[in-house]
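Biologist: Before I plan anything around this protein, could we go through its model together, one point after another?

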Amino acid sequence: MHASFGLLRKCFTPWLIKTNLRPSTRMKKTTETLELKSKIVQDFRLHEKDTGSADVQIALLTDRINQLTEHLQKNNKDHSSRRGLLMMVGQRRRLLDYLHTTDTSRYQAITRKLKLRK
């Protein structure tokens with residue numbers, strides 16, 4: 001390790017703390033995200049206490065995929081987010097394949113509702 005690394009760390013640590021810990025913006029975003037997530041769960045659940053069925057997971061992944069796609073259109077060089085997007089698309093594809101083999105009517109209903117197929 002270089003001796004200058006310690007100096008850089010001392011210089012950038014206050015900046016990192018200041019930029020990453022803004023409670024007003026983080027709390028608002030978290031509250032909005034939780035409200036949106038609970039609305040999606042209510043729309044796609046199979047029964048009253050359902051939070052983890054394939055339908056709900058596909059709907060939540062689709063929402064996150066749409067948000068990340070919008071983010072990546074603005075930030076072309078954000079490769080780590082692009083990797084996360086590709087992983088989410090693969091996970092959604094696997095869940096859709098599972099739903100297609102187990103219950104075709106639910107598969108068709110969710111693809112129609114989320115407009116995943118043309």
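This is a predicted model: local features need pLDDT of at least 70, side-chain atom pairs count only at pLDDT 80 or more; totals for chains, interfaces and linings use all residues.

Biologist: What pattern does the chain follow when it is read along the sequence?

Modeller: The secondary structure comes to five helices and zero strands. Read from one end of the sequence to the other, the chain therefore gives a pattern made of helices, numbered from the N terminus, and that pattern is α-α-α-α-α.

Biologist: Which helix supplies the largest share of the lining of the largest pocket?

Modeller: The largest pocket holds about 370 Å³ of space and is lined by 11 residues, with Thr33, Leu36, Asp63, Arg64 and Gln67 lying nearest its centre. Two helices, α2 (23-44) and α3 (54-74), each supply at least two residues of that lining. The largest share, six residues, comes from α2.

Biologist: How many residues of that lining are charged?

Modeller: Sorted by class, the lining of the largest pocket has four nonpolar and two polar residues. The charged residues in this lining number five.

Biologist: Is threonine 62 buried or exposed, and what is its relative accessible area?

Modeller: Threonine 62 lies in helix α3, and a polar atom of its side chain is 2.7 Å from the backbone oxygen of isoleucine 58. Leaving aside neighbours within four places in sequence, threonine 62 is in contact with Arg92, Leu114 and Leu116. Since buried means under 20% relative accessible area, threonine 62 counts as buried, because its value is 6%.

Biologist: Which residues of helix α5 are buried, and what arc do they cover around the axis?

Modeller: In helix α5, which spans residues 104-114, the buried residues are Tyr107, Ile110, Thr111 and Leu114. They lie on the same side of α5, because the arc that they cover around the axis is only 100°. On the other side of α5, Arg112 and Lys113 are exposed. To give both parts of the answer together, the buried residues are Tyr107, Ile110, Thr111 and Leu114, and their arc is 100°.

Biologist: What is phi of lysine 115?

Modeller: Lysine 115 is found in the segment after α5 and is exposed, with a relative accessible area of 71%. Most residues other than glycine have a negative phi. Lysine 115 has a positive value although it is a residue other than glycine, and its phi is near 55°.

Biologist: With which residues is arginine 93 in contact, leaving aside its neighbours within four places in sequence?

Modeller: Arginine 93 has its place in helix α4, residues 79-102, and is partly exposed, with a relative accessible area of 33%. Arginine 93 and isoleucine 58 are 35 residues apart in sequence, while their C-alpha atoms are 8.7 Å apart in space. With its neighbours within four places left aside, arginine 93 is in contact with Tyr107 and Arg117.

Biologist: What percentage of the contacts with a separation of 6 or more comes from residues 24 or more positions apart?

Modeller: For the chain taken as a whole, 23% of its 118 residues count as buried. Among contacts with a separation of 6 or more, the share that comes from residues 24 or more positions apart is 46%.

Technical notes: Residues are numbered from 1 along each chain as its sequence is written. Side-chain values use heavy atoms; hydrogens and water are left out. Buried means under 20% relative accessible area, exposed over 50%, partly exposed in between (1.4 Å probe, protein chains only). Helices (H or I, at least four residues) and strands (E, at least two) are DSSP runs, numbered from the N terminus. The arc is that of the directions from the helix axis to the C-beta atoms. On a 1 Å grid over the protein atoms alone, a cavity is a set of points where a 1.4 Å probe fits but cannot get out, and a pocket is an open set with protein on both sides within 12 Å along at least five of seven lines; lining residues have an atom within 4 Å of a point. Grid points are joined across faces, edges and corners, and a volume is the space filled by probe spheres set on the points. Ala, Val, Leu, Ile, Met, Phe, Trp, Tyr, Cys and Pro count as nonpolar, Asp, Glu, Lys and Arg as charged, and the others, Gly among them, as polar. A polar contact is a pair of N or O atoms within 3.5 Å; within protein, one must be able to donate a hydrogen and the other to accept it, and residues adjacent in sequence count only if both atoms are side-chain atoms. Contact means heavy atoms within 4.5 Å.
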